Amino acid sequence: MSLRKVAGALAWLALVACAATHAAAVVEPGDAPSLPSAAEDARCAPAVVAPTQDEVMDGMRHAVDSGLLWKATKAGRTAYLYGTIHVAQRSWMYPGPHVMKAVLASDTIALELDPSDPDIIARLQKAVLRRPDAPALPAALQRRLLAQMTAACIAPDALAAMRPEMQAVSIEVLEGRQFGLYPDFGIDTFLAGLGHGLKKPVRSLETPESQAALLVSDDPAETVRTVDELMDELEGGKGPQLLQRLANDWQRGDLDDLGAYASWCDCLDTPQQRADFVKLVDERNPLMADKIVQWHAQGMSLFVAVGTLHMIGPAGLPALLKARGFEVERVAFSAP
C-alpha cells in the first residue's frame, strides 16, 4: 500500500503547503497562503489559524521537548540529530528546552530542504504541477478521487493544478486535520524560520528534484497505480490512523514503537512495498550522512533536523554516523 509513500512524502508536502511562505513567517506570522483548509461545515476539521506574534512567544516560553534527539561528537565538534514530524499540532512546533539548547549550540541548521529558499520553493512548485500533456486518470478513478476530496472538505479546484498522485497524497495528509495535525505546523518549517531568525545558515541536505522523483512519475501506469492504492487506503480509513500513530509516537519520543514501524504500518508486506520504502527512506540516509560528515569536517557544528523515520534502526542517521567514527548518544528529555 502507499502508506509508505505518505510517510515519505510528508516533508515534501509540508513544503508545498508553505511554498509561497518563507519559514521566517512562522516566527513572524502573516497572512500566508497554505494548502486548502476545511470548509465552513460542522463535519469538517477546523481551518488552520496562524499564531500571532504574542502566541508564538507564549508557545516558546511554555514549550516542552518532543521527538527524538541525538548528540554525535567527533574531533571536538557536535552534530545534533533531531527526528521531526512534518505535520503536527500547533503547540508541538515550538522547540522544548533540550532541543532549543541544541539549536543555540550549533552554528548551522541542516534540513531535508530549506523552505525559506525561493529557488527551492520554485522548483517544488514546478515538480508538483500536472504536466499539460499528461493523460487523464481513468474516469472511475477520477470519480473516486473527487469523492475523497469532498469527504475531506477540499474544493476540487484547490488541487486541480497538481499531479494526480500529489492530489491523492494531499488528501491523505490533510485527513490528519481531524487529529489536529496540519502541515502548516511542521517542525522543520518552524526550525527553518527559527534558524534564520537567529542569523544561522540553513542548509538543504537534498534537492527538490531528488525528492520529487520518489513521489511522482511521468509513467501514466505508475500514476494510476499510486492513486488507486491511495484511494483504497482513504476509503478504508487506514491513512489517517497511520498519521495519528506516527504523530503520537513522535510526540512521546517512543523509539520502540517507531522502531517496530514495519510490524504495524500495514505497508511493508510485499517485496515491492519493501523495495519502495527502502528507496523512500533508507537509501536517502547515506547521502544525507555524507553531507553531514562533509560539513562537519569543514568545521561546522550542526543541528540536523529530518523526518524521524530517517533516524530509526541500523540504516538510520545515528547508526550511520556511529559507523563513521562519531560518538553518538541519545539526549534524554526531562519529564514535563
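Predicted model: local features only at pLDDT ≥ 70, side-chain atom pairs only at ≥ 80, totals over all residues.
When I speak of contact in this talk, I mean heavy atoms within 4.5 Å of each other. With that in place, G96 touches A63, V64 and D65, once residues up to four places away in sequence are not counted.

Residues are numbered from 1 along each chain as its sequence is written, and side-chain values use heavy atoms, with hydrogens and water left out.

Staying with G96, this residue sits in the loop between β2 and α4 (97-105), where helices are DSSP runs of H or I of at least four residues and strands are runs of E of at least two, numbered from the N terminus. At 3% relative accessibility G96 counts as buried, where buried means under 20% relative accessible area, exposed means over 50%, and partly exposed lies in between, with a 1.4 Å probe and protein chains only. The C-alpha atoms of G96 and F333 are separated by 9.2 Å, although the two residues are 237 apart along the chain.

Let me turn to helix packing. Two packed helices are described by the angle between their axes and the distance between the axes; here axes are lines fitted to C-alpha atoms, for helices over the stretch in contact, and angles run from 0 to 180 degrees between N-to-C directions.

Helix α8 (residues 164-174) packs against helix α11 (residues 220-236) at about 20°, with the axes 9 Å apart, and α8 and α11 are therefore roughly parallel. That term covers angles under 35 degrees, with over 145 being roughly antiparallel, 65 to 115 roughly perpendicular, and the rest oblique. The crossing of α8 and α11 is left-handed, that is, the near helix is turned anticlockwise from the far one by less than a right angle, whereas clockwise would be right-handed. On the α8 side the contact involves P164, E165, A168, V169, I171 and E172, which meet T223, T226, V227, L230, M231, E233 and L234 in α11. These residues divide into eight nonpolar, two polar and three charged, counting Ala, Val, Leu, Ile, Met, Phe, Trp, Tyr, Cys and Pro as nonpolar, Asp, Glu, Lys and Arg as charged, and the others, Gly among them, as polar. Also in α11 is E222, which is partly exposed at a relative accessible area of 24% and lies 9.4 Å from E165, C-alpha to C-alpha, across 57 residues of sequence.

What is the handedness of the crossing of α5 and α10? The crossing of these two helices is right-handed, and the axes of α5 (residues 118-128) and α10 (residues 208-215) come within 9 Å and cross at roughly 20°.

Leaving aside neighbours within four places in sequence, L317 is in contact with L81, N285, M288, A289, I292, V306, H310 and M311.

Finally, two backbone details. A75, in the loop between β1 (68-74) and β2 (77-84), has a positive phi of about 55° although it is not a glycine, and at 65% relative accessibility A75 counts as exposed. K199, in the loop between α9 (187-197) and β4 (202-204), has a positive phi near 65° and is exposed at 75% relative accessibility.
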